[in-house]
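The sequence and the structure come first.

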Amino acid sequence: DSTVTQAASESGRQMERIGEKAIVAAIERGLYQVGAHTITGDRRSVVACILRRQQPSPTPPPAQTPLILPPILPVDAALLPDTTHSGGHSGGHSGLDVFYILRSDARIGAEGAGARWSGQVGWPGGHVEGGETDTDAVVREVKEEVGFNLHRRDLYHLLGEVTPRSVAGRSGSLVVCCHVYLQLGKSEQICPDASEVAAAGWAPIHCLLDDTHVAPLDWSVINGGGHKDSHFDDFPSVHLPLVDMVVAPGSDGHIALISRRFRLWGLTLRMVNDLLIMCGLRNTPIGADILRGRL
C-alpha cells in the first residue's frame, strides 16, 4: 500500500512540473481518445467539471470607490482552516483550479433539502428534462445553481466528456455524465442558489495529482459526532484547499461546518479518478490503498 501511495505522489509531482498547458492538453487528448459513450438508464443527470487557470490575488478597490455587494457572501478567511483561504493565489503551486460546490442540507441553512447527495461536495449539474440534450441540461443547471454561463464560447471551452457512470437507486438506475470545461479568461462571479448550493469555490488540481491531501473520511466527526458511527466513515476522501469560496445567503452562520465538509469523496471522487486515469494524469486511483483497507 505504501508503494502505491509513493508512486501516486511521484506521479503528481511530475505532473505539477509539466505545467497547466500540458495538463489541459492531456485532458483534452484523453477525453477525445476515449470518445463518447452511450449508457441508458431510467434517469439521466449531467454535471460540469469546470477548470480555470490559477489567478493572482486581486487588487483591492480604492478606498473612495463605493463597493456594491451582490446578495452572496464571500467568506472571511479568518474563519476558515489554515488549508482554506480566499482571494486568489499568492504563490506556491501554479497551474489549474477545479470548481466544486457543497450541496445544501438542513444542517447548513437550506430548508427541505433532502436529495441523495445533500450536504456533500460535488460538481454543479442536475437531471436532464424531457426534450433536453445533455448539453442543454448542464448549461441550464449550472446557470441555475451557480450563475455560470457555459453556453458562452468566449467564456468556456468544452474539453470533452468523461465516461458516464450508472448508479443504482430506489427509483431505478441513474446515469451520471460529466462534461469537462475550461474557463477562458477571468472567472465569472459565483452566485450560488441557496436552495441547492450552500457554498462553492475553487481548489488547485495539484491536490488531486498526489496523495498529500488524501485521508480516510471522518464523516461522523465532521458533523459533530464524538465517535465514528456513520457508514460513510473511512471511505477515501480529499481535503480540498479552497480559494475564492463563496457562501450562499442563509448558510453564513455555518461556515465552520461548511469548511469541514469540503471533502471530496464518493461518486464525485470516483468520477475524478475516471478523468485523471483516462487522461494519464494519475497511474492509480486516489485513495486506492484506503479503500482496500476498508474492504
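The buried residues of α7 are Gly266, Leu267, Thr268, Leu269, Met271, Val272, Asn273, Asp274, Leu275 and Leu276. The model is a predicted one. With 10 of its 13 residues buried, α7 is largely enclosed by the rest of the structure.

The helix covers residues 266-278, and at 1.5 Å a residue it should span 18 Å; the C-alpha atoms at its ends are 18 Å apart, so expectation and model agree. After α7 comes Gly280, which has a positive phi, near 75 degrees.

Val167 is placed in strand β6, which runs over residues 156-169. Although Val167 and Leu267 are 100 residues apart along the chain, 8.9 Å separates their C-alpha atoms. Val167 has a relative accessibility of 9% and therefore counts as buried.

### Nonpolar cores

How many residues does the largest nonpolar core have? It has 49, and those with the most contacts inside it are Ile27, Tyr100, Val180, Leu208, Leu240 and Phe262. The largest share of this core comes from α7, with 6 residues. Another core lies apart from it; this one has 22 residues, including Val46, Val138, Val146 and Val246.

Once neighbours within four places in sequence are left aside, Ile27 is in contact with Leu51, Leu159, Val180, Leu275, Cys279 and Leu281.

### Cysteines

With sulfur atoms required to lie within 2.5 Å of each other, the count of disulfides is 0. Cys177 is in no disulfide, the nearest cysteine sulfur being that of Cys178, 8.9 Å away. For Cys279, the closest cysteine sulfur belongs to Cys49 at 9.7 Å, which is too far for a bond.

Are Cys177 and Cys279 buried or exposed? At 2% relative accessibility, Cys177 counts as buried. Cys279, a contact of Ile27, also counts as buried, at 8%. The table lists these values together with that of Val167.

| Residue | Relative accessibility | Class |
|---|---|---|
| Cys177 | 2% | buried |
| Cys279 | 8% | buried |
| Val167 | 9% | buried |

Notes
Residues numbered from 1 in each chain as written. Predicted model: local features only at pLDDT ≥ 70, side-chain atom pairs only at ≥ 80, totals over all residues. Heavy atoms only, no water. Helix = DSSP H or I, 4+ residues; strand = E, 2+ residues; numbered from the N terminus. Expected span 1.5 Å × (residues − 1). Buried < 20%, exposed > 50% of the residue type's maximum accessible area, 1.4 Å probe, protein only. Core = buried A, V, L, I, M, F, W, Y, C linked by side-chain atoms within 4.5 Å. Contact = heavy atoms within 4.5 Å.
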